[in-house]
Amino acid sequence: MAKHIFVTGGVVSSLGKGITAASLGQLLKARGYKVTMQKMDPYLNVDPGTMSPFQHGEVFVTEDGHEGDLDLGHYERFIDENLSRESNFTQGSIYQTLIARERRGDFLGGTVQVIPHVTEAIKERIRRAAEQSGADIVISEIGGTIGDIEGLPFIEAARQFKKEAGPGNVLFVHVTLVPYIAAAHEVKTKPTQHSVKELRSLGVQPDFIVCRSDHAIEDGVREKIALFCDVDTDDVLACPDAPSIYEVPISLYEQGFDISALAKMGLAPRKIKLAPWRAFLKAKDSCEGALDIAVVGKYVSLPDAYLSIHEALVAAGIAAGRTVNVHLVDGEALAAENAAGVLGAMDGILVPGGFGQRAFEGKIAAARYARENNVPFLGICLGLQAAVCEFARDVCGLEGATSAEFADGAPEGAPFVIDLMPEQEDVEDKGGTMRLGAYPCKVVPGTRAEAAYGEPIVYERHRHRYEVNNAYRDKLTEAGLVISGLSPDDRLVEMVELPDHPFYVASQGHPEFKSRPTRPHPLFRAFIEAAKAGQDAPTQ
């Protein structure tokens, strides 16, 4: 039987519950236990797929095609495991399932209620995560903040789950804010006390309290929190702001978090293997010099919208011995006229995915600038499509070439070098109707893509509806565009590149989702190495 750890948050949101949960998962996996993780979101959307990144940040895609919360990215990067659709569910998906069952008559005319029906459905999803992963330990993060009305069914379900599982099988970790009051020159424990009081009023006693603060938390503060919240002092953990999120596991390890958690669950404290993680942190601190990488997008006011891209760039930079400075560039404000001024100092240009026409012309301008000025370029999803449209316009002479996605704003007669797959043409429902999840790609020998991957077949995660239009494939290749990746049946273009360029590669997939701190993605590594080589090259 799997052991379960529930992570809740108190006082305010955005404290770093996901990082805390992922850090504990990393430590438990380093001790030889099979760990899986899960995020429960209390909002009523069925999944984040149709939500703007301005709401909750990027939409993370799993191998099996689930559109999930960005915390899944943290989980995968920290525990180095591919998660699945069982790793994320919302209150909306729970209600959708229950209402569908009620309409079928599954409840035999009975009243459908939060207790027991909603809570039983939540518990079933928790059990499924354990059964389908075969994990020894399941860490489940409950989104939101204690006291939020929408989170109550999840707390109640977790309370019931602990009662049913029996002693020693379920732990609760409460992450809370300990604010520093400048006028008093001290941190204050009262918000934490009230948060734990609220949690206990719902029937849950935390086993651990993780205190987030921008100031040091002294032993006296921990003792006070332990006294008022009925936990051992050693189980009140200090988690002050760290220079890097990747240092959090070490901080928690040094406080014995993992050892204590295993003891409370009756599990042996196996020898820990932290050497790869420590080597990564040492490499991070040993970087000499910096690379400036422009990410030209449309959600630049919220960095979390490009979280996985940022982390993939940083990891690739560390592997190359360089600190990567990511510059978010607003594609709406970028044009051919100002591209040199905005991008001229950059060592590399990345154009990420996205939906909608806004900022698309700026992404095309970025692709053009990179192509014409030999700046290393990496295009991802819509970034590939922007690169293809730019090449079609400026090299093939296909004036106004664009995507059918933007047909409403396109000039009359503009060639759609990007178009829908035939099976997508009549789809109106936007939720979960795209090419989602991992798809195979044949890597063409002799290309930069092959040099990066070193494998003939690779799998990348996808999240899109539109593809390179095969009607224009010959014209594009005759003009010099190299198709370096194809679907196994040769029907879909997966990667393109330019041969006479320091590095100009674009992928229809999302390689950023498979990058890890200790194993940067091959395309990101090749991109950063090209940027490093360009920076190190002697000036003429």
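This is a guided tour of the structure above, stop by stop.

**Before you start**

The model is predicted: local features need pLDDT of at least 70, side-chain atom pairs count only at pLDDT 80 or more, and totals for chains, interfaces and linings use all residues. Residues are numbered from 1 along each chain as its sequence is written, and side-chain values use heavy atoms, with hydrogens and water left out.

**Stop 1: helix 6**

Select residues 152–165. This is helix 6, with 14 residues. Helices (H or I, at least four residues) and strands (E, at least two) are DSSP runs, numbered from the N terminus. From first C-alpha to last, helix 6 reaches 20 Å, close to the 20 Å expected at 1.5 Å a residue. The expected span is 1.5 Å times one less than the number of residues.

Now colour the buried residues of helix 6: P153, F154, I155, E156, A157, A158, Q160, F161 and A165. Buried means under 20% relative accessible area, exposed over 50%, and partly exposed in between (1.4 Å probe, protein chains only). Step just past the helix to G166, which takes a positive phi of about 90°.

Stay with helix 6 and show E164 and K123. They form a salt bridge, with the closest N and O atoms 2.6 Å apart. A salt bridge is a side-chain nitrogen of Lys or Arg within 4 Å of a carboxyl oxygen of Asp or Glu. E164 lies in helix 6 and K123 in helix 5 (residues 114–133), so the pair ties together parts that are 41 residues apart in sequence. K123 counts as buried because its relative accessibility is 0%.

**Stop 2**

The structure holds 41 salt bridges. Select K17 and E141, one of these pairs, with closest N and O atoms 4.0 Å apart. K17 is in helix 1 and E141 in strand 6 (residues 137–142), 124 residues apart. Is K17 buried or exposed? K17 counts as buried, at 9% relative accessibility. E141 is buried too, with a relative accessible area of 2%.

Next, show K39 and D41. Their side chains meet in a salt bridge at 3.3 Å, N to O. Both residues are buried.

Then select E63, E76, D80, R461, K514, R516 and R519 together. They are linked in a network of salt bridges.

**Stop 3: strand 7**

Select residues 170–177, which make up strand 7, and pick out T176. T176 counts as buried, at 0% relative accessibility. Its side chain makes a polar contact with the side chain of T192, at 3.2 Å. A polar contact is a pair of N or O atoms within 3.5 Å; within protein, one must be able to donate a hydrogen and the other to accept it, and residues adjacent in sequence count only if both atoms are side-chain atoms.

Beyond four places in sequence, T176 touches residues including G10, V11, L15 and C211. Contact means heavy atoms within 4.5 Å.

H174 is also found in strand 7. H174 is buried, with a relative accessible area of 0%. Its contacts beyond four places in sequence include T8, I146, L199, P206 and F208.

**Stop 4: aromatic rings**

How many aromatic pairs does a search of the whole structure find? It finds 14. Rings of Phe, Tyr and Trp (its six-membered ring) pair if their centres lie within 6.5 Å; planes under 30 degrees apart count as stacked, over 60 as edge-to-face and the rest as tilted.

Select F208 and F257. The pair is edge-to-face, 5.0 Å centre to centre, with 65° between the planes. F208 is in strand 10 (residues 208–213) and F257 in helix 10 (residues 257–264), 49 residues apart. Both F208 and F257 are buried.

Move to F503 and F527. This pair is tilted, 6.1 Å centre to centre, with 45° between the planes. F503 sits in the loop between strand 22 (493–497) and strand 23 (504–507), while F527 is in helix 18 (residues 522–536). F503 and F527 are both buried.

Show F78, Y246, W277 and F280, which form one aromatic cluster.

**Stop 5: charges over rings**

Select R270 and Y33. The charged end of R270 sits over the ring of Y33, 3.8 Å from its centre. This requires NZ of Lys or CZ of Arg within 6 Å of the ring centre and within 35 degrees of the ring normal. Then show K190, whose charged end sits over the ring of F228, 5.8 Å from its centre.

**Last stop: T447**

Select T447, in the loop between strand 18 (435–443) and helix 16 (448–453). T447 counts as buried, at 9% relative accessibility. Its side chain reaches the backbone nitrogen of E450 at 3.1 Å. Leaving aside neighbours within four places in sequence, T447 is in contact with V482, S484 and E497.
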